[in-house]
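Here's a quick briefing to read with the model open in your viewer. Skim the lead, then pick whichever topic you need.

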Amino acid sequence: MKKLSPRTRVLTGAVAAAALGAGTFGAVSASAAAPAAAPAAAVKADTANRNLTQSTHLTVAAATKAAQASLDAAKKENQRVSVAVVDRDGRTVVTLRGDGAGPQSYESAEKKAYTAVSWNAPTSELAKRLAQAPNLKDIPGTLFLAGGAPVQAKGAPIAGVGVAGAPSGDLDEKFARAGVAALGK
């Protein structure tokens, strides 16, 4: 048998890999185009079922409305801030970084929103609790500075609005509360 040069072996291997890849892609595309079979038995979503729970979430439109209202409130006072709205699980839904907002404000706003929804309290109140429980500040993802406000439905937290970048946490929190208040309008 004739020995192939390294170049020929590489080219032959590349052609074989391309052919294998094309065949796989075709098979995947063909199976994706086939209609899925209906499940044999559908499980009914029964509200009386103790294994199920329902939760309330802000829509993206509502989260955007709250964030924009916070940003607008800050802009009226010539403050350059970032705003974040997180859902009940602390996942970011919307962030807006105002013109001229500092680079640290983006992450701080997210952490303040996360902290507010986690404890269902404004972060200014939570910052006061650090005197009795200083280890709270060690919880990952939290920031115990004023500027976060929870969004509630029937007294339960469903989201958090966080603002950062103003020269004081009191201003940040004032703007966050303006975002929460916009949801009631």
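**Overview**

Among contacts between residues at least 6 apart in sequence, 62% join residues at least 24 apart, where contact means heavy atoms within 4.5 Å. This is a predicted model, so local features need pLDDT of at least 70 and side-chain atom pairs count only at pLDDT 80 or more, while totals for chains, interfaces and linings use all residues. Residues are numbered from 1 along each chain as its sequence is written, and side-chain values use heavy atoms, with hydrogens and water left out.

**Fold**

- The protein has five helices and four strands, and from the N terminus on they run α-α-β-β-α-α-β-β-α.
- Those elements are DSSP runs numbered from the N terminus: helices are H or I with at least four residues, strands are E with at least two.
- Of the 185 residues, 32% count as buried; buried means under 20% relative accessible area, exposed over 50%, and partly exposed in between (1.4 Å probe, protein chains only).

**Cores**

- The largest nonpolar core has 20 residues, and Val 81, Val 83, Val 85, Val 161, Val 163 and Phe 175 have the most contacts inside it.
- Two or more residues each come from helix H2 (60–76), strand E1 (82–87), strand E3 (148–153), strand E4 (156–164) and helix H5 (169–182).
- H2 gives the largest share of this core, six residues.
- Apart from it lies another core, of five residues, including Ala 121, Leu 126, Leu 130 and Phe 144.
- For the term itself: a nonpolar core is a set of buried Ala, Val, Leu, Ile, Met, Phe, Trp, Tyr and Cys residues joined through side-chain atoms within 4.5 Å.
- Val 85 touches residues including Leu 58, Ala 63, Ala 66, Ala 67, Val 93 and Val 161, if you skip anything up to four places away in sequence.

- H3 has 15 residues and reaches 21 Å from its first C-alpha to its last, close to the 21 Å expected at 1.5 Å a residue; the expected span is 1.5 Å times one less than the number of residues.
- Buried in H3 are Ser 105, Ser 108, Ala 109, Lys 112, Ala 113, Thr 115, Ala 116 and Val 117, and their cover includes E1, H4, E3, E4 and H5.
- H5, with 14 residues, should span 20 Å, and its end C-alpha atoms are 20 Å apart, which agrees.
- The buried set in H5 is Leu 171, Asp 172, Glu 173, Phe 175, Ala 176, Gly 179 and Ala 182, with H2, H3, H4, E3 and E4 among what covers it.
- Asp 172, in H5, is buried at a relative accessible area of 3%.
- Leaving aside neighbours within four places in sequence, Asp 172 contacts Val 81, Lys 112, Ala 146, Gly 147, Val 163, Ala 164, Gly 165 and Ala 166.

**Loops and positive phi**

- Asn 120 sits in the loop between helix H3 (105–119) and helix H4 (123–129), is partly exposed at 25% relative accessibility, and has phi near 50°, a positive value in a residue other than glycine.
- Lys 154 is in the loop between E3 and E4 and exposed, with a relative accessible area of 88%; phi here is near 55°, again positive in a non-glycine residue.
- Leu 58 is in the loop between helix H1 (6–33) and H2, partly exposed at 22%.
- The C-alpha atoms of Leu 58 and Ile 158 are separated by 7.2 Å, although the two are 100 residues apart along the chain.

**Largest pocket**

- Its volume is about 190 Å³, taken as the space filled by probe spheres set on grid points joined across faces, edges and corners.
- On a 1 Å grid over the protein atoms alone, a pocket is an open set of points where a 1.4 Å probe fits, with protein on both sides within 12 Å along at least five of seven lines; lining residues have an atom within 4 Å of a point.
- The lining is Gln 68, Leu 71, Asp 72, Lys 75, Asn 78, Gln 79, Arg 80, Val 81, Gly 98 and Asp 99.
- By class, that lining has two nonpolar, four polar and four charged residues; Ala, Val, Leu, Ile, Met, Phe, Trp, Tyr, Cys and Pro count as nonpolar, Asp, Glu, Lys and Arg as charged, and the others, Gly among them, as polar.
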